[in-house]
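These notebook entries record what I looked up in the structure shown below. I began with helix packing and then turned to the sheet and the salt bridges.

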Amino acid sequence: MDARAPTPAEILFDAAWFPDNVDFSRNTFGFVQTNRETLSRQPFLDSRWDRSPLPRVDIPISTVIAATEHRPRPQVNFIWHTAFCCSTLLSRCLDIPGANLALKEPQILILLAEAKRAGQRGLPNAVFDTALNFLT
């Protein structure tokens with residue numbers, strides 16, 4: 001018997017679903033089902049991370065924003081850096097189960113930065129706020 005597919009609300013409020021993509025041509029956020037250990041083990045969470053074995057769901061951006069717009073704004077900490085400065089080593093030092101999960105170059109932030117740099121029209125700040133909310 002096939003398992004029932006999770007609803008968008010179930011995905012959006014389940015920490016096992018990690019936001020890994022935003023597709024402006026399809027107006028969707030993409031989520032993969034994973035766990036803390038898998039995220040921590042990845043050297044980078046960008047296009048080099050093989051997500052192919054993970055369950056994937058795409059949800060309309062408007063649905064995600066509407067479902068999460070009343071969440072309190074999370075505290076997010078970043079380490080901004082240039083390339084080749086030992087940031088991967090530093091993130092490994094800061095990755096402490098139960099205290100902190102260091103996300104190394106998440107693909108969704110790269111895509112949002114590229115969209116902003118390209119002058120993506122009609123890109124509301126809520127998309128950025130929503131993505132950051134899921135990364136906490």
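I used these classes for angles: under 35 degrees counts as roughly parallel, over 145 as roughly antiparallel, 65 to 115 as roughly perpendicular, and the rest as oblique. The model is predicted, so I noted that local features need pLDDT of at least 70 and side-chain atom pairs pLDDT 80 or more, while totals for chains, interfaces and linings use all residues. Residues are numbered from 1 along each chain as its sequence is written, and side-chain values use heavy atoms, without hydrogens and water.

Entry 1: H3 and H6.
I looked up helix H3 (residues 61-68) against helix H6 (residues 125-134) and found an angle of about 70° with the axes 10 Å apart. Axes are lines fitted to C-alpha atoms, for helices over the stretch in contact, and angles run from 0 to 180 degrees between N-to-C directions. Helices (H or I, at least four residues) and strands (E, at least two) are DSSP runs numbered from the N terminus. H3 and H6 are therefore roughly perpendicular. I then listed the contact (heavy atoms within 4.5 Å): Ile-61, Val-64, Ile-65 and Thr-68 of H3 meet Ala-126, Val-127, Thr-130 and Phe-134 of H6. By class, this contact has 6 nonpolar, 2 polar and no charged residues. Ala, Val, Leu, Ile, Met, Phe, Trp, Tyr, Cys and Pro count as nonpolar, Asp, Glu, Lys and Arg as charged, and the others, Gly among them, as polar.

Entry 2: H5 and H6.
I found that the axes of H5 and H6 come within 11 Å and cross at roughly 165°. That makes H5 roughly antiparallel to H6. On the H5 side I noted Ile-108, Leu-109, Leu-112 and Lys-116, and on the H6 side Val-127, Phe-128, Ala-131 and Leu-132. The classes here are 7 nonpolar, no polar and 1 charged.

Entry 3: the sheet.
I recorded an open sheet of 3 strands in the order E1-E2-E3, with antiparallel pairing; two strands pair if DSSP finds at least two bridges between them. Strands E1 (17-23) and E3 (56-60) stand at the edges with a single partner strand each, so one side of each lacks a neighbour in the sheet. Strand E2 (residues 28-33) is joined to E3 by 5 bridges, and Thr-28 has Pro-60 in E3 as its bridge partner. Helix H5 (residues 107-117) packs on the sheet, touches E1 and E2, and makes about 25° with the direction of E1. H6 also touches E1 and E2, at about 10° to the direction of E2.

Entry 4: salt bridges.
How many salt bridges does the structure hold? I noted 8, each a side-chain nitrogen of Lys or Arg within 4 Å of a carboxyl oxygen of Asp or Glu. The side chains of Asp-20 and Arg-51 form one (2.6 Å, N to O). Asp-20 lies in strand E1 and Arg-51 in the loop between helix H2 (36-41) and E3, so the pair ties together parts 31 residues apart in sequence.
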